[in-house]
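Take a look at the chain below.

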Amino acid sequence: MKDHLIGRTETKGITTMNESETIDPRELNPLALAFVGDSVFDLYVREYVRASGLNTHMLHREAVKFVSAHAQAEAFIAIEAQLTPQEEYIYRRGRNTKPTTVPKNAGVKDYRSATGLETLVGYLFLTGQLERLDELMERILTGTRQDDGECEGKTEAKACAQQQTETQG
């Protein structure tokens, strides 16, 4: 996923339709970040399944496996231990935002977790953190996790991930 799906470079703010006005993405409502994140997440998934060479009908069926609220809640669990404190904060802002509706085919807990993940994806995209977004989406789509099985539970896995990051840095 080294080649970005969308030709964007580092962004410090969003230029609105009134080109003289710029908005800091950190100041956006979490649901606005989730709105953008939903589209970005969908683009990553579509590119990933497109590369599989399946026919159109099967492409759609495969993509649905990634974009449901339950699948996105599971995706968050796969990357949770690797998130920075800032990324955790953005996720929690999205997760804790009260949605106006919950789809009939999703539980409230999964839907809120999925909204948190989409908020994080939207935030990373709009702040120009595309390499980090690529890294997290690759883990989500390929199921690759940074921990090597030595860590058990969220606390230990998070500590291991931080230790690995410090070792690499």
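This is a predicted model. Its average pLDDT over the chain is 78, and 71% of the residues score at least 70.

Two stretches call for care. Residues 1-11 stay under 50 in pLDDT. The model gives them 22 contacts beyond four places in sequence. Residues 145-169 are also below 50. That stretch has 21 contacts in the model beyond near neighbours in sequence. Where pLDDT is low, predicted coordinates should not be read in detail.

Now turn to α4, which covers residues 85-96. Its partner here is helix α5, residues 108-126. The two axes come within 7 Å and cross at roughly 130 degrees. That angle makes α4 oblique to α5. The crossing is right-handed.

Which residues of α4 and α5 meet? On the α4 side they are Gln86, Glu87, Ile90, Tyr91, Gly94, Arg95 and Asn96. On the α5 side they are Arg112, Ser113, Thr115, Gly116, Leu117, Thr119, Leu120, Tyr123 and Leu124. Sort the residues of this contact by class, and you get 6 nonpolar, 7 polar and 3 charged.

Helix α5 also packs against helix α6, residues 130-142. Here the angle is about 145 degrees, and the axes are 8 Å apart. This crossing is left-handed. From α5 come Leu117, Leu120, Val121, Leu124 and Phe125. They meet Leu130, Arg132, Leu133, Leu136, Met137 and Ile140 in α6. What classes make up the contact of α5 with α6? It has 10 nonpolar residues, no polar ones and 1 charged.

Next, look at the rings. A pair of aromatic rings is described by the distance of the centres and the angle of the planes. The structure holds 2 aromatic pairs. One of them joins tyrosine 48 and phenylalanine 66. Their centres are 5.7 Å apart, with 80 degrees between the planes, an edge-to-face arrangement. Why does this pair tie together separate parts of the chain? Tyrosine 48 lies in helix α1 (residues 30-50) and phenylalanine 66 in helix α2 (residues 56-67), so the pair links parts that are 18 residues apart in sequence.

Notes. Residues numbered from 1 in each chain as written. Predicted model: local features only at pLDDT ≥ 70, side-chain atom pairs only at ≥ 80, totals over all residues. Heavy atoms only, no water. Axes fitted to C-alpha atoms, helices over the stretch in contact; angles between N-to-C directions. Helix = DSSP H or I, 4+ residues; strand = E, 2+ residues; numbered from the N terminus. Parallel < 35°, antiparallel > 145°, perpendicular 65-115°, else oblique. Left-handed = near helix turned anticlockwise from the far one by under 90°. Contact = heavy atoms within 4.5 Å. Nonpolar A, V, L, I, M, F, W, Y, C, P; charged D, E, K, R; others polar. pLDDT = per-residue confidence, 0-100. Phe/Tyr/Trp six-rings, centres within 6.5 Å; stacked < 30°, edge-to-face > 60°.
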